[in-house]
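Here are a few exercises to work through with the model open beside you. Try each task before you read its solution.

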Amino acid sequence: MPKHLKLQHYLFRLAGRCDRTILLASLAVCHALPVSAQISDTIHPYVLASINHDDNLLRRSDTEAGQFGDTYKSTEAGLLFERPFGRQVLTGRANVSKVSFDGFKQLNYTGKNLEATLEWHLGNYWQGHLGSTYGQTLAPYADFNTQERNLRVIRHDFFDASWLVHPSWQLRSAWSRDRYIYDLPSQRYNNRTEDVAELGVDFLASSTSRFGVVARQLKGNYTDRHGFNSVLFDSGYVQEEIKANVLWYLSGSSRLQFLGGGVRRKHTILTVRDEQGANGRAIFYWRPTVKLNTTSKLWREFSAVEGSLVNSALNRGASLDLSYEVSAKISMAAATKLERRQFGTLPGVQSLNGNLEDSTRSASIGVNYALLPNIKLAVNATRDSRVGSRAAGTNSFKANGISFNASAQF
């Protein structure tokens, strides 16, 4: 069987339950590679193996008795691809992973990931992206008090287009859909679809900076209703936004990205849960030296919460990420993050006494070593802690982790 047909068959098996959009993108890659030379230039297989330890894997409360730490091993095989044809560029990746736990063996799972993006151009004035991603992994346990395996599938489909109506002005539109599907029956009330549609206009400065305005609408639809005190509630919502959309190149080594403005969030039933106010996210990129990169973020955003007593929150947070090239073979990375969530409760829970806010701190540091140009070793240490909200059903916990991994790309 020709190599490109073997690759096509492999991608079909790997995709499993993935949607048709991803499969079509994978087929396009295969048929674009008629000879072995093109496969070697376009397709880059890789393998990765890691061993990890987390002393509070299930994110249980500090006061809860029991052993909740574990060591787990992961092996992953996949491929990266990039294929230009004309002015269009098709990129993506596909992988499968096997994760095995030493203690909590009921959590063992097979992870899947598939991504495909087409960067398209039409003439000199139209351009955009079309793509889809599929991921299956173990859902985090920070907001779930269970020892059962809870696999989560996230599917993301997207399309965007921009029209250069003038050398200094462009119109933009975009649409995306996110689907969250939970395998554990007790968590299926979090199954939902989130659709986002937007229209915007940008002024394009000669410095390559961009200043614009965007109108967005988000629709959240929950397919399984949430029950409390034997009553079912629909947690669906519509969120409308008018925001400034800025990408400002301050200098050759720094730039600021900002999306923020007024937001109004309305729920399908029980308007007592409706929210409105200012939302925004600012990202500052700064490269003070050739070897040092920094990324700082600030945000204030409404978001869904996958909890048992709450389903939405106003998140306020800040983070800092650093990366440093020690030498040609050694690099280091560090990150820290603080986030506070102010919860909007479900009906019937408002009467609970207590603070409806929690805060989480996280930090990580890692070292990467390039043993050979295509073989890399890495070690990473993490620490997470949270001051929880008893009224909202979130635990207070501390967790420390360490991981070692080795990867090879061909």
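## Exercise 1: Follow the strands

Strand 6 and strand 7 make a hairpin that has two residues between them. Strands here are DSSP runs of E with at least two residues, helices are runs of H or I with at least four residues, and both are numbered from the N terminus. Two strands pair if DSSP finds at least two bridges between them. The model is a predicted one: local features need pLDDT of at least 70, side-chain atom pairs count only at pLDDT 80 or more, and totals for chains, interfaces and linings use all residues. Residues are numbered from 1 along each chain as its sequence is written, and side-chain values use heavy atoms, with hydrogens and water left out.

**Solution.** 
1. Begin with strand 3, which runs antiparallel to strand 4 (residues 109–122) and is joined to it by 11 bridges. Here S97 stands opposite G111 of strand 4.
2. Strand 4 is in turn antiparallel to strand 5, again through 11 bridges. E115 has T133 of strand 5 as its bridge partner. These two strands form a hairpin with three residues between them, and G123 in the turn has a positive phi of about 65°.
3. Strand 5 and strand 6 (residues 151–166) run antiparallel with 13 bridges; Y134 is partnered by R155 in strand 6.
4. F159 faces W175 of strand 7.

## Exercise 2: A loop residue and its contacts

**Task.** Which residues does Y125 touch, not counting residues up to four places away in sequence?

**Solution.** 
1. Locate Y125 in the loop between strand 4 and strand 5.
2. Look for contacts (heavy atoms within 4.5 Å). Y125 touches S162, W163 and L164.

## Exercise 3: Core and pocket

**Task.** Find the residues of the largest nonpolar core, then examine the second largest pocket.

**Solution.** 
1. A nonpolar core is a set of buried Ala, Val, Leu, Ile, Met, Phe, Trp, Tyr and Cys residues joined through side-chain atoms within 4.5 Å. Buried means under 20% relative accessible area, exposed over 50%, and partly exposed in between (1.4 Å probe, protein chains only).
2. The largest core has 11 residues, including L57, F68, F101 and L138. Among the contacts of L57 are F68, F101, F104 and Y141, not counting residues up to four places away in sequence.
3. Now turn to the pocket. The residues that line the second largest pocket divide into 10 nonpolar, one polar and two charged. In this count, Ala, Val, Leu, Ile, Met, Phe, Trp, Tyr, Cys and Pro are nonpolar, Asp, Glu, Lys and Arg are charged, and the others, Gly among them, are polar.

Conventions
1 Å grid on protein atoms, 1.4 Å probe; cavity = no way out; pocket = protein on both sides within 12 Å on 5 of 7 lines; lining within 4 Å. Points joined across faces, edges and corners; volume = space filled by probe spheres on them.
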